[in-house]
Amino acid sequence: MNNNVVKKIVKSSKLENYERVPSIYKYVDVKDYKKLKPLQFTVLLKNTKVITIINGKKENHIKLKRGDYVMCGVKKEKYGLSLEKVLSAYNLGNIISKPVIRKGVKLTQKNTKKKSSKSEIEITPSWGGKQYLQIGDYILMELDGKKYYGINKNAFKKTYKKITKKRKN
């Protein structure tokens, strides 16, 4: 069946309303989308051709880009969706930051050589642009140990804790 036939059917038929029953999909970090189980999804880390097979027959294939999604439906069918399609058809849920240990330093008058605690310190963070910090704020290193970014002292207090080594008795 080609699209012209479908267009005629849609144009000449009385269309009904249908509501999709919400399903909850769980994020799974897998390199091979074929390992997904029903009601799981993953985000692609590289361009990938996704083949949808349902009831043993190829239903569809699509070329997707990094950042697009692969979902696994209730019939174990894996299907790909662009990020735009996901945003228009699904409610995205919570995202939880990973526990990551970063090296960093608190900005002080001594290490910045600034006389006033209100002095602005301009840096270029790892993601680009300009970031403006003050005495008391922090510089944290990215995991590669080369790039860095700043974080406001109040935000730092709410989102980081200092790791102290336990003493042996």
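**Ground rules**

I'm working on a predicted model, so I note that local features need pLDDT of at least 70, side-chain atom pairs count only at pLDDT 80 or more, and totals for chains, interfaces and linings use all residues. Residues are numbered from 1 along each chain as its sequence is written, and side-chain values use heavy atoms, with hydrogens and water left out.

**Entry 1: T112**

I started with T112, which has a relative accessible area of 18% and is therefore buried under the cut-off above. I found T112 in helix α3, residues 109–112. Helices here are DSSP runs of H or I with at least four residues, strands are runs of E with at least two, and both are numbered from the N terminus.

Which backbone oxygen does the T112 side chain reach? I get that of T108, at 2.6 Å. For a polar contact I take a pair of N or O atoms within 3.5 Å; within protein, one must be able to donate a hydrogen and the other to accept it, and residues adjacent in sequence count only if both atoms are side-chain atoms.

Then I listed contacts (heavy atoms within 4.5 Å). Leaving aside neighbours within four places in sequence, T112 touches L107, I121 and I135.

**Entry 2: cores**

Next I looked up nonpolar cores, meaning sets of buried Ala, Val, Leu, Ile, Met, Phe, Trp, Tyr and Cys residues joined through side-chain atoms within 4.5 Å. The largest one has nine residues: V28, V30, Y33, L36, L44, V50, L64, V70 and C72. Apart from it lies another core, of eight residues, including F41, M71, Y79 and L81.

Not counting residues up to four places away in sequence, L44 is in contact with L64, K65, R66, G67, D68 and V70.

**Entry 3: salt bridges**

How many salt bridges are there? I count three, taking a side-chain nitrogen of Lys or Arg within 4 Å of a carboxyl oxygen of Asp or Glu.

- E142 pairs with R102, N to O at 3.3 Å. This pair links distant parts of the chain, 40 residues apart: E142 is in the loop between β10 (138–141) and β11 (148–151), R102 in the loop between α2 (83–89) and β7 (104–106). E142 is partly exposed at 22% relative accessibility, and R102 is partly exposed at 26%.
- D144 pairs with K147 at 3.2 Å, N to O. I have D144 as partly exposed at 37% and K147 as partly exposed at 45%.
- E122 pairs with K130 at 3.7 Å, N to O. E122 comes out partly exposed, at 46%.

**Entry 4: strands**

I call two strands paired if DSSP finds at least two bridges between them. Strand β1 (residues 26–27) pairs with β2 (residues 40–43) in the parallel sense, over two bridges. K26 has Q40 as its bridge partner in β2. On to β5 (residues 69–72): four bridges join β2 to β5, and these run antiparallel. Here F41 has M71 as its bridge partner in β5; F41 and M71 are also among the residues of the eight-residue core.

I then checked the open sheet, where three strands follow the order β7-β10-β11 with antiparallel pairing. Its edge strands are β7 and β11, each pairing on one side only. Neighbouring strands of this sheet are turned by 20 degrees against each other on average, direction ignored. For the angles, axes are lines fitted to C-alpha atoms (for helices over the stretch in contact), and values run from 0 to 180 degrees between N-to-C directions. Three bridges join β7 to β10, and K106 stands opposite Y138 in β10.

**Entry 5: positive phi**

L39 has phi near 65 degrees, and L39 sits in the loop between β1 and β2. L39 is partly exposed, with a relative accessible area of 27%.

K76 gives a positive phi too, near 70 degrees. Its loop runs between β5 and β6 (78–81). Is K76 buried or exposed? Exposed, with a relative accessible area of 57%.

How values were computed:
Buried means under 20% relative accessible area, exposed over 50%, partly exposed in between (1.4 Å probe, protein chains only).
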